[in-house]
Amino acid sequence: MSSVRAARVRGLADLVARPGASLELLQEGAPAAGSFEVVDGRSFCFACPRCGALAALTLGAAPCAWFWNGSEAAPSLSPALFHAGCWHGWLRGGYFEGTP
Ligand SMILES: [Zn+2]
């Protein structure tokens, strides 16, 4: 499976909170799939690396939240991420790596 570079952007978190933002972004063509923004080290907002749909994850301690390596240049998260029916995989070392 191909990997998608995770790209740090600004303003994504604001868009995640707005209904319809995902569709709006697709129409504008940006930010690209795989974009992300970390908010206060507690929330990881990202655009699905396949379809660009926006999502937000809570960062913290497993098993109730995702562990983030603290890097915005080469972020890693665990456990795996998924967008139901669309994409499933890992964010490791700054790349979204899809699993079959
Ligand atoms: Zn998707």
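How many bridges join strand 6 to strand 7, and in which sense do the two strands run?

Colleagues, what you see is a predicted model: local features need pLDDT of at least 70, side-chain atom pairs count only at pLDDT 80 or more, and totals for chains, interfaces and linings use all residues. Residues are numbered from 1 along each chain as its sequence is written.

Let me begin with the overall layout. The protein contains two helices and nine strands; helices (H or I, at least four residues) and strands (E, at least two) are DSSP runs, numbered from the N terminus. Along the sequence, the pattern reads β-β-α-α-β-β-β-β-β-β-β.

I now return to the opening question. Strand 6, residues 67-68, and strand 7, residues 77-83, run antiparallel and are joined by two bridges. Two strands count as paired if DSSP finds at least two bridges between them. In general, strands of a sheet pair through backbone hydrogen bonds, either parallel or antiparallel. Within this pair, Phe 67 stands opposite Ser 78.

Strand 7 also pairs with strand 8, residues 87-92, in the antiparallel sense over four bridges, and here Phe 82 faces His 88. These two strands form a hairpin with three residues between them, and Gly 85 in the turn has a positive phi of about 75°. Strand 8 is in turn joined by four bridges to strand 9, residues 95-98, again antiparallel; Gly 89 stands opposite Gly 98 there.

Taken together, five strands form an open sheet in the order 1-9-8-7-6, with antiparallel pairing. Its edges are strand 1 (3-5) and strand 6, each of which pairs on one side only.

Let us turn to the interior. Of the 100 residues in the protein, 26% are buried, meaning that 20 or more other C-beta atoms, placed from the backbone, lie within 10 Å of the residue's own. The largest nonpolar core has 17 residues, and Phe 36, Phe 44, Cys 45, Phe 46, Leu 77 and Leu 91 have the most contacts inside it. Strand 3 (35-39), strand 4 (43-47) and strand 7 each supply at least two of its residues, and the largest share, four residues, comes from strand 4. Such a core is a set of buried Ala, Val, Leu, Ile, Met, Phe, Trp, Tyr and Cys residues joined through C-beta atoms within 7 Å.

Finally, which residues does Leu 77 touch? Not counting residues up to four places away in sequence, Leu 77 touches Phe 44, Trp 66, Phe 67, Trp 68 and Leu 91, where contact means C-beta atoms, placed from the backbone, within 7 Å.

Key:
Buried ≥ 20, exposed ≤ 12 C-beta atoms within 10 Å, placed from the backbone. Contact = placed C-beta atoms within 7 Å.
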